[in-house]
Structures are given as C-alpha cells and as structure tokens.
Amino acid sequence: MLTPTLDARLEAVLELIRADVHADIGSDHARLPVRLIREGRVGRCIAVELNPGPLAQARRSVARARLDAQIEVREGDGFAPVAPGELDSASLCGMGAHTIRGILERAGERRPPALVLQPNDSALLIRLWAREAGYHVRAERLIAGYWPYPVLRLERAAGADPAYEDVPVDAALKYGPLLLRAGGEVVRRQIEADIVRLGSVAAPGRASWDELETARTALAVLDSRMK
Ligand SMILES: C[S@@+](CC[C@H](N)C(=O)[O-])C[C@H]1O[C@@H](n2cnc3c(N)ncnc32)[C@H](O)[C@@H]1O
C-alpha cells in the first residue's frame, strides 16, 4: 500500500496532531489524512474540500490508500460539512492567514477545541484571532522552505495565554511567543531579514518604523536568551 511522503511543513503539522476524530480542511491531495491514519495518530479523519479538482484528487488518494473506512471526504466550505461537536481537532494548511482566519470565524460552534494551522504568510493574524477567540498557543514551529512556514497548535482555554508571559507582546504576536523563547536559526534569519528590509524604508511616522522596532525587540529577545 502506498504511503505518501509529506514536505517538511506538513511533517511538522503531522507531529502536532493526535485525536480521535480530526478534520483536514482544504485537504487537496489528502496526503495528511492518509499519513495520520497510517501512523495511528487519529482514529478517524474527515477531509474537506471546496473545489471540484482537489475534491476528486482527495477521493482518489483515499481510495488508492484503501482507507475509505477511516477517511471520509466531504465537499464544502470550511467547517460547513461537519456537525457541531463532531471533531476533536482540525488542521488548515497551505492557505493564506486571511483565508484561514475567515474559515475559523465562520465555523462558529463547529470549531473544535484543538487546531493545527499552517499559514503560508505571517501568522500575526492567526495569533491575534486566537487571543480574541479563546485559544492558547501550545506549540509553534517555523519550517524553512520557499518561505519560512509557521505551524501553530492552538487549544481552547480560559484566561490569558501563558505563552505571552515574560515576552514583549508585539514581538511575540509577530514572530511567535514560543518561537522567540526557543530561538533557533530559522526564526533568527527571518528577523534579521526583516531588519535589513525595513531598515531601508522605515521613517518616523510610518508603519514600517514600528515594524522595525518590533523586529529589533525580537532580535534582542533571542540574543538575551543565548547569554
Ligand atoms: C494550496 S492547497 C493546500 C493543500 C494542503 N492542505 C497542503 O497544505 O498541502 C489549499 C486547498 O484549500 C482548498 N480550500 C480553499 N478554501 C477552502 C474552503 N473555504 N473550504 C475548503 N477548502 C478550501 C483549495 O481548494 C485547495 O485545495
């Protein structure tokens, strides 16, 4: 039986998922659900697709893997094809942060208590949304690729998110509270590249001035943790 390979960003997503019932929203090739079942990380998976081409592709992958009993492919927009309370967790990967946030906002009571999200651009919008929606950041990765790909595991929880304790909030929202704590080459390179890019355009009164300040603060956090 064919076991699909995943690129590095989806491998990072895979490692952050463990659930009885999981949904992969915007599943396309459905490689992630197939691997989740094969590795026993989830008991049952629902692959949701909006568009006909990827929907057919997902159905073919599941049939080829002979996993029709464990993976159900459903057509629809975001969480619309799942029932409230049906899921323990969901993943949304390989889309822009605006698209992911829109799907999460429309989900209402269909949204599960755990989410693994991989936006293709800045995760700032996702982190801002999580604070408003009552989800805490439980794990973060930054995967080198065509871009640096953020991967976040969020869990529904009450009160202030402890991930933001003792880190400057603007820098943590932009670069990731747990990524700043953990440090590492990928996040350092991202911050240093922002400082170079913003340094050539920033001027007092412009948004880029504040962004540059945020990047410098983030770099200072990384440096202070190396001492
Ligand atoms: C770029 S692909 C990413 C596929 C896979 N998740 C990955 O990370 O490799 C994005 C997929 O999301 C689907 N999609 C976009 N908006 C969606 C929505 N509102 N509901 C369900 N699927 C959606 C698209 O049809 C497309 O197949």
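How do the residues of the lining of the largest pocket divide into nonpolar, polar and charged? I counted 10 nonpolar, four polar and eight charged, taking Ala, Val, Leu, Ile, Met, Phe, Trp, Tyr, Cys and Pro as nonpolar, Asp, Glu, Lys and Arg as charged, and the others, Gly among them, as polar.

I noted that this is a predicted model, in which local features need pLDDT of at least 70 and side-chain atom pairs count only at pLDDT 80 or more, while totals for chains, interfaces and linings use all residues. Residues are numbered from 1 along each chain as its sequence is written, and side-chain values use heavy atoms, with hydrogens and water left out.

**Largest pocket.** I looked up its space, about 480 Å³, a volume filled by probe spheres set on grid points that are joined across faces, edges and corners. A pocket here is an open set of points on a 1 Å grid over the protein atoms alone, where a 1.4 Å probe fits, with protein on both sides within 12 Å along at least five of seven lines; lining residues have an atom within 4 Å of a point. Of its 22 lining residues, S122, K174, Y175, Q190 and D194 are the closest to the centre.

**Ligand.** I found the ligand in the second largest pocket, where sitting means that more than half of its atoms lie within 2 Å of the grid points. Around the ligand are 16 residues, of which R9, E49, N51, D77 and G78 come nearest, near meaning a heavy atom within 4 Å. For polar contacts (pairs of N or O atoms within 3.5 Å), I recorded a ligand oxygen 2.7 Å from an N or O atom in the N51 side chain, and a ligand nitrogen 2.8 Å from a polar backbone atom of G78.

Technical notes
A polar contact is a pair of N or O atoms within 3.5 Å; within protein, one must be able to donate a hydrogen and the other to accept it, and residues adjacent in sequence count only if both atoms are side-chain atoms.
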